[in-house]
Amino acid sequence: MTDATRPRRRTGRVIAVVAIVIVLIAGLLVAAEVIARSAVSNTVRSLVVTQVGLPADQQVDVEVPGIVLPQLIAGRLTQVAVSAPDVALGPLTGDVRVDLQDVPVAGDAPAAGGSASVRLDPDQLRSLLTQIPDFPASTVGVAAPDLTLSTELSVFGIPIPVGISATPGAAEGDLTLTPTSFELGGNRVDADTLRGQLGGVADGALQTWSLCIADRLPAGLTLSAVNVQGQDVVASFDVDGGLLNDPALQQNGTCG
């Protein structure tokens with residue numbers, strides 16, 4: 001064996017040791033990331049179930065994009081998404097999703113804010129709309145981008161059936177239904193035509209219906225939009241980041 005051969009073998013052994021160390025460190029980091037992600041998901045799920053009052057076996061999915069470990073070290077999660085099916089959120093019952101940005105790990109500071117949505121199927125929508133006084137909730141159907149409903153207007157004691165297409169929306173935190181077109185005697189008519197034929201009696205079909213839900217939801221949630229998506233209706237909310245740590249925002253809001 002020559003002297004020139006020994007350094008090459010020693011160098012080879014050093015490289016092998018370094019490679020093994022790198023593989024071990026990488027394995028430890030991967031394991032730590034898996035553990036950290038699982039811990040975050042379990043913690044968030046537990047908080048949601050406890051604070052919202054969900055059943056212990058409620059399905060709750062938690063998503064934390066990106067690598068969790070650096071976010072935990074920094075003390076904030078860049079984004080957290082929580083979703084759960086068939087959840088009662090105040091007067092709304094449906095599939096819920098909440099997306100929050102810049103969420104503090106310790107929970108003693110506000111997040112940057114976020115959004116939430118509740119997806120209601122037709123039955124859940126009709127159940128919600130029964131809370132509007134004198135509203136024909138049982139007749140409501142879905143015909144994207146509008147809702148359909150029917151009512152009867154009395155003219156000289158004669159019931160006149162009227163079909164209504166209405167666009168759902170949100171105004172100052174209230175759920176609204178704004179009529180856009182009508183069906184009278186099998187014909188599609190606009191508001192002016194309906195009023196021209198029925199006079200003041202038509203007011204019952206021309207009004208915009210509204211339902212305040214703020215008094216049954218945390219003040220940190222504000223209804224921002226309501227849209228028809230396929231056969232479902234999706235209510236969207238703006239989420240105040242202070243909802244995480246401000247008791248005032250965790251209390252129900254007010255109407256009017």
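**Entry 1: Ser-181**

I began with Ser-181, which counts as buried at 16% relative accessibility; buried means under 20% relative accessible area, exposed over 50%, and partly exposed in between, with a 1.4 Å probe and protein chains only. I note that this is a predicted model, in which local features need pLDDT of at least 70, side-chain atom pairs count only at pLDDT 80 or more, and totals for chains, interfaces and linings use all residues. Residues are numbered from 1 along each chain as its sequence is written, and side-chain values use heavy atoms, with hydrogens and water left out.

I located Ser-181 in strand β8 (residues 174-184). Helices (H or I, at least four residues) and strands (E, at least two) are DSSP runs, numbered from the N terminus. I found a polar contact of 3.0 Å between the side chains of Ser-181 and Arg-188. A polar contact is a pair of N or O atoms within 3.5 Å; within protein, one must be able to donate a hydrogen and the other to accept it, and residues adjacent in sequence count only if both atoms are side-chain atoms. Leaving aside residues up to four places away in sequence, I listed Gly-163, Ile-164, Ser-165, Arg-188 and Val-189 as touching Ser-181, where contact means heavy atoms within 4.5 Å.

**Entry 2: the open sheet**

I traced an open sheet of six strands in the order β1-β2-β3-β4-β12-β11, with antiparallel pairing; two strands pair if DSSP finds at least two bridges between them. The edge strands are β1 and β11 (221-229), each of which pairs on one side only. From one strand to the next, the twist averages 20°. Helix α3 (residues 122-129) packs on this sheet and touches β2, β3, β4 and β12, and its direction makes about 100° with that of β4. Here axes are lines fitted to C-alpha atoms, for helices over the stretch in contact, and angles run from 0 to 180 degrees between N-to-C directions.

I then looked up the individual pairings. Strand β1 (residues 61-63) pairs with strand β2 (residues 76-89) over three bridges, and Asp-61 has Ser-83 as its bridge partner in β2. Eleven bridges join β2 to strand β3 (residues 92-104), with Pro-104 as the partner of Arg-76. I recorded β2 and β3 as a hairpin with two residues between them; Gly-90 in the turn has a positive phi of about 60°. Strand β4 (residues 113-120) and strand β12 (residues 232-239) share seven bridges, and Ser-117 stands opposite Ser-236.

**Entry 3: the nonpolar core**

Which residues touch the most other members of the largest nonpolar core? I found Leu-92, Leu-129, Phe-135, Val-162, Phe-182, Leu-194 and Phe-237, out of 60 residues. β2 gives the most to this core, with six residues. A nonpolar core is a set of buried Ala, Val, Leu, Ile, Met, Phe, Trp, Tyr and Cys residues joined through side-chain atoms within 4.5 Å. Among the residues that Val-162 touches, I noted Leu-149, Phe-182, Leu-194 and Ala-205.

**Entry 4: the disulfide**

I found one disulfide in the structure, a term that stands for a pair of cysteine sulfur atoms within 2.5 Å. Cys-212 is joined to Cys-255, with 1.9 Å from S to S. Cys-212 lies in strand β10 (residues 209-212) and Cys-255 in the segment after α6 (247-250), so the pair ties together parts 43 residues apart in sequence. The link is left-handed, with -95° about the S-S bond. Cys-212 counts as buried at 18% relative accessibility, whereas Cys-255 counts as partly exposed at 34%.
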